[in-house]
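User: Please take a close look at one part of this model for me, and then carry on to the rest. I would like one connected account that I can follow with the structure open on my screen.

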Amino acid sequence: ILQSNGHTVSNVLVGTNRGVDLPDFFIGKFPTAKSFMSPNLVFDKKSNKLCLRKILRKNLAKAKYYIKSLRFISDEMKTNKPDLIINFYEGLGGIYNYFYNNRNIPVIAVAHQYLLLNKSFIHPEGSWFHRTLVNFNSRITALGAEKKLTLSFTPFPDNFQDQLFTVPPLIRQEVTAAGPVQKREDFLLAYVNQSALANELI
């Protein structure tokens, strides 16, 4: 989308659980992309709910690696000198912007999770704890951001006071350009944000 509108993507940095290599399809799109170790949410294997105790224990144990990642991000920003940073829900990206962004590079934060911060969003009952935990994480990812773009199929009023704006989901051009499937298969394709949820679908 950016390149088709005449912008240059200087580089892509991706936070991963273990700082592992990026998948081939991603490297195919962004050959110079680099990964770094980043904190992640931890879910309970039995309930599939967020587990605060495990989140704190696992991420605190890796704190020294995350500090190294922040320095890595800072070095990359000094090397690439971007005019704008787009942060797709990366916690260290928000922390970098708040503590390390000495060049005052403007940041736009993008995520569907920001919808939970919208004052017009109606939350399900009994979700206070997990909503608070997710929103806390969302605010960290958006620290110092000039705008927060919420990805949503459903329109919501913009919160100008919080610089929170609703935009349609970002769908890859390969998906929108794809035609109907000629041959029907005997399976359904579903997307889940953690592998344990697949058991509930099955």
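Analyst: **The sheet, and what lies beyond it**

Strands β3 and β4 run parallel and are joined by 3 bridges. Before going further, please keep in mind that this is a predicted model, in which local features need pLDDT of at least 70 and side-chain atom pairs count only at pLDDT 80 or more, while totals for chains, interfaces and linings use all residues. Residues are numbered from 1 along each chain as its sequence is written, and side-chain values use heavy atoms, with hydrogens and water left out.

Back to that pair of strands. Isoleucine 85 faces valine 107 of β4 across the pairing. The elements named here are DSSP runs numbered from the N terminus, with at least four residues for helices (H or I) and at least two for strands (E). Two strands count as paired if DSSP finds at least two bridges between them.

Now step back to the whole sheet: 4 strands form an open sheet in the order β3-β4-β5-β6, with parallel pairing. The edges are taken by β3 (85-87) and β6 (164-167), each with a single partner strand, so one side of each has no neighbour in the sheet. From one strand to the next, the twist averages 25 degrees; the axes behind such angles are lines fitted to C-alpha atoms, and angles run from 0 to 180 degrees between N-to-C directions.

Strand β4 (residues 107-111) has 4 of its 5 residues buried, so the rest of the structure largely encloses it. Buried here means under 20% relative accessible area, exposed means over 50%, and partly exposed is in between (1.4 Å probe, protein chains only). Moving along the sheet, β5 (residues 147-151) runs parallel to β6, and 4 bridges join the two. In this pairing, lysine 148 stands opposite leucine 164 of β6.

The loop between α3 and β3 contains lysine 81, which has a positive phi of about 50 degrees although it is not a glycine. Lysine 81 is exposed, with 52% relative accessibility. In the loop between β5 and β6 you will find glutamine 163, another non-glycine residue with a positive phi, here about 55 degrees. Glutamine 163 is partly exposed, at 29%.

One more loop is worth a stop. Leucine 143 sits between α5 (128-141) and β5 and is partly exposed, with a relative accessible area of 27%. Its C-alpha is 19 Å from that of alanine 63, which is 80 residues away in sequence. Tyrosine 98, in helix α4 (residues 91-99), is exposed at 54%. The C-alpha atoms of tyrosine 98 and alanine 145 are 8.7 Å apart, though 47 residues separate the two along the chain.

Next, the charged contact. The structure has 1 salt bridge, meaning a side-chain nitrogen of Lys or Arg within 4 Å of a carboxyl oxygen of Asp or Glu. Glutamate 76 and lysine 34 form it, with their closest N and O atoms 2.9 Å apart. The pair links distant parts of the chain, 42 residues apart: glutamate 76 belongs to helix α3 (residues 63-80) and lysine 34 to strand β2 (residues 34-37). Glutamate 76 is buried, at 9% relative accessibility, whereas lysine 34 is partly exposed, at 34%.

Helix α2 (residues 52-61) has Lys54, Ile55 and Asn59 as its buried residues. Viewed down the axis of α2, these fall within an arc of 110 degrees, so they line one face of the helix; the arc is that of the directions from the helix axis to the C-beta atoms. Arg53, Leu60 and Ala61 are exposed on the other side of α2.

Ile1, Leu2, Leu84, Ile86, Phe88 and Leu170 make a nonpolar surface patch of about 580 Å². Patches are built from residues with over 30% relative accessible area and no salt bridge, joining like charges within 9 Å and nonpolar side chains (Val, Leu, Ile, Met, Phe, Trp, Tyr) within 5 Å. Isoleucine 1 belongs to the segment before β1 (13-16) and is exposed, at 68%. Glutamine 3 also lies in the segment before β1, and it is exposed at 56%.

Definitions and conventions
Accessible areas come from the Shrake-Rupley method with a 1.4 Å probe; for residues, only the protein chains shown count as cover.
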